[in-house]
Amino acid sequence: YIICLYIKPKKPVPLYFVISQKTIEQILETAKVEDVVGDYVNLKRRGVNMIGLCPFHNEKTPSFTVSPAKNIYKCFGCGQGGDPLRFVMEHDNMSYPEALRHLAAKYGIQVEEIETSKESKEERQRLDNLHALNQYAADYFIDQMWNTDYGKSIGLSYFKERGFREETLKKWGLGFAPDNKNGFVNKATTDGYQPEQLRKVGLTTQYGTDFYRGRVMFPIRSVSGKIIGFGGRILMKNVKAAKYLNSPDSEVYSKSKALYGIHFSRKGIRKADECYVVEGYTDTLALHQAGIDNVVAPCGTSLTEGQIRIVKRYTQNISFLFDGDAAGTKAALRGLDMVLEQDMNVRVVMLPEGEDPDSLLQKIGLSEFQKYLEENTQDFILFKTQHLMKSAGNDPIKRAELIKEVIKSIAKVPDALKRSVFVRECAALTGTQEQLLFNEINKSQAKKLSEKRKQSAPPPPMDVPPPFPGEFDEQGYPIETAPVQIPKQKKLGDEYQEKDIVRLLIEFGAQVMDEEENLTVSGFLLGNIAELLPEFDDSDCAEIVKEALENLNRGKVLPTSYYTRHENKKVRDIALTMLSSPWDYSEHWDGKLEMPLQSQKKPEINFEADAIAAVNRFKLKKVLRMMKENQDRLKNPKNDGEMM
């Protein structure tokens, strides 16, 4: 007998490619809910939000709300809600990768794909290690400045000569890199860091030597406070080296998306509702030390779209402080059009000739400096018009060209009313007819619209049903439909207090209550209610609090986007419901009636007081419940040995 064995050929292992996490984060950061939804729904401004007819159910009265500030949408009729990515998935019935590619095409983002592997799972841990390495380097530079004679005599003395106090130097983590070829490299490798890791974050040169030598060091932090890069100023004179040396772009640092001082300034920017942009690190430090804490600086570059988006999270008002020389004037006119495109209010302050913010502040003092800012702040469009017309003189050809240059800037303003005001002012300053300026703007707008259509994704196929089916019958009469019925849930026990805790956790969990202690709202809330977690009546709230507590114990504070993009639909729905409201705080109270809130800050900046009150109410309810339970036990003791 001959036995034949058939061995089934082994199938090749399929390779799966996914969109890289870096690309996903770029898409989610770039996508604006008002842009994405506006492609499908006619939105109208109402206060800080926008409203329109819901594309997910048939309605005649708008109940669909879009919140640009929170980058979410919510329908109070059918309950649909989410972020821009979720809208595309739900509206066009796309999968997660398809929706990502759709948004990438809309915003011109190149999609980077990677093969799934064990390395991809370890990517997050690797990035955390790079952040830890930057912190290690910052500690090394601090130690060199404060604990070595060389650092004290060179680095520390420089900062003190510039007028910086010790508490400022320690708060901002400033340090000193000695003029030693391999000092940092030897220390880091001895402590277990690999040369390749040092090179990846820009701490060593291509030859493996120290990247920073003989410089005072300015750590650059992300919005959350992590050190992502460095800026170093050389102290030696008459050397052929750059005055400032900045970290090269790396996996954890992109200079076009980083702002020096944003971690310490975000609270001040939100409070003042204005952001000052200066040119350098020391200008930022000097103004902060003087008490002007809404100041940031680009990290060795002119302002970029990524940096503008960071500022826009906190305010619509941005003012640029430029040195009063020819270079400063050119800088003021260069690159600010992109800020106008973001629908921000752009202003310019030109300082006296030969002065920068630091020197002027030291010369005239804080009160006079603030007075100077108030008296010399100009709207960017009007500043540009006056400056260009002055430089053109009486030459008609130059004047015509410069007027066109101003018109290009005005055309970038998204708000039609603002454009109209700027045209009127520009016409008065240049002696030009308003209609001629409007004609030029219309040409520019038409060209821009044409280019946008070419770049946008193709329209949906024709067999896709219209967004509002069945709204009118064949005779053109509206069809009466029953209103959407939302079942009322019975409120039990302490559900209201528990939901208030969860609302604060979701909306303000990552906000800092105490900068010195680095205490976030999440840390405060969870630290006070953790032991009462078993007493929660609402199981959904209990699960959210439990998840937040587990992450906090691992050192991770969950941002709002974590909940709005949660894999669990129930958690997403809870988050969107708590973040959305059919009512807005009317801007007319402040702007026209001059009747701001007297009893407290506006809700979006009152999270500290709200968190304290919520914890107190929550604890009070639980204590009252325990008292009631104990009273009932005393009245009705069981026959199990309990004493009356």
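User: What is the volume of the largest cavity?

Analyst: The model is a predicted one, and a search of the whole structure finds 3 cavities of 30 Å³ or more. The largest cavity has a volume of about 40 Å³.

User: Which elements give two or more residues to the lining of the largest cavity?

Analyst: The lining of the largest cavity includes Pro 219, Ile 220 and Arg 221, and also Ile 262, His 263 and Phe 264. By class, this lining has 6 nonpolar, 2 polar and 1 charged residues. The elements that contribute two or more residues to it are strand 9 (215-221) and helix 11 (262-272).

User: With which residues is Val 339 in contact, leaving aside its neighbours within four places in sequence?

Analyst: The largest nonpolar core has 41 residues, and Val 339 is listed there among those with the most contacts inside the core, together with Ile 262, Ile 318, Phe 320, Val 346 and Ile 410. Once neighbours within four places in sequence are set aside, the residues in contact with Val 339 are Leu 303, Ile 308, Ile 318, Phe 320, Met 344 and Val 346.

User: How many residues does the second, separate core have?

Analyst: Besides the core of 41 residues, there is a second, separate core that includes Trp 172, Ile 220, Ile 228 and Ile 292. Trp 172 and Ile 220 also line the largest cavity. The number of residues in this second core is 36.

User: Which strands stand at the edges of the open sheet of 5 strands?

Analyst: The sheet has the order 2-3-4-5-6, with antiparallel pairing. At one end of that order, strand 2 is joined to strand 3 (residues 49-52) by 3 bridges, and Arg 46 stands opposite Asn 49 in strand 3. Each edge strand has a single partner, so one side of each is left without a neighbour in the sheet, and these edge strands are strand 2 (44-46) and strand 6 (81-82).

User: Is Asn 71 buried or exposed?

Analyst: Asn 71 lies in the loop between strand 4 (64-67) and strand 5 (72-75), and its phi is near 60°, a positive value in a residue other than glycine. Its relative accessibility is 19%, and because the cut-off for that class is under 20%, Asn 71 counts as buried.

User: How does Asp 273 count at 39% relative accessibility, and what is its class?

Analyst: Asp 273 is found in the loop between helix 11 and strand 13 (275-277), and it takes a positive phi of about 55° although it is not a glycine. At 39% relative accessibility, Asp 273 counts as partly exposed.

Notes
Residues are numbered from 1 along each chain as its sequence is written. This is a predicted model: local features need pLDDT of at least 70, side-chain atom pairs count only at pLDDT 80 or more; totals for chains, interfaces and linings use all residues. Side-chain values use heavy atoms; hydrogens and water are left out. A nonpolar core is a set of buried Ala, Val, Leu, Ile, Met, Phe, Trp, Tyr and Cys residues joined through side-chain atoms within 4.5 Å. Buried means under 20% relative accessible area, exposed over 50%, partly exposed in between (1.4 Å probe, protein chains only). Contact means heavy atoms within 4.5 Å. On a 1 Å grid over the protein atoms alone, a cavity is a set of points where a 1.4 Å probe fits but cannot get out, and a pocket is an open set with protein on both sides within 12 Å along at least five of seven lines; lining residues have an atom within 4 Å of a point. Grid points are joined across faces, edges and corners, and a volume is the space filled by probe spheres set on the points. Helices (H or I, at least four residues) and strands (E, at least two) are DSSP runs, numbered from the N terminus. Ala, Val, Leu, Ile, Met, Phe, Trp, Tyr, Cys and Pro count as nonpolar, Asp, Glu, Lys and Arg as charged, and the others, Gly among them, as polar. Two strands pair if DSSP finds at least two bridges between them.
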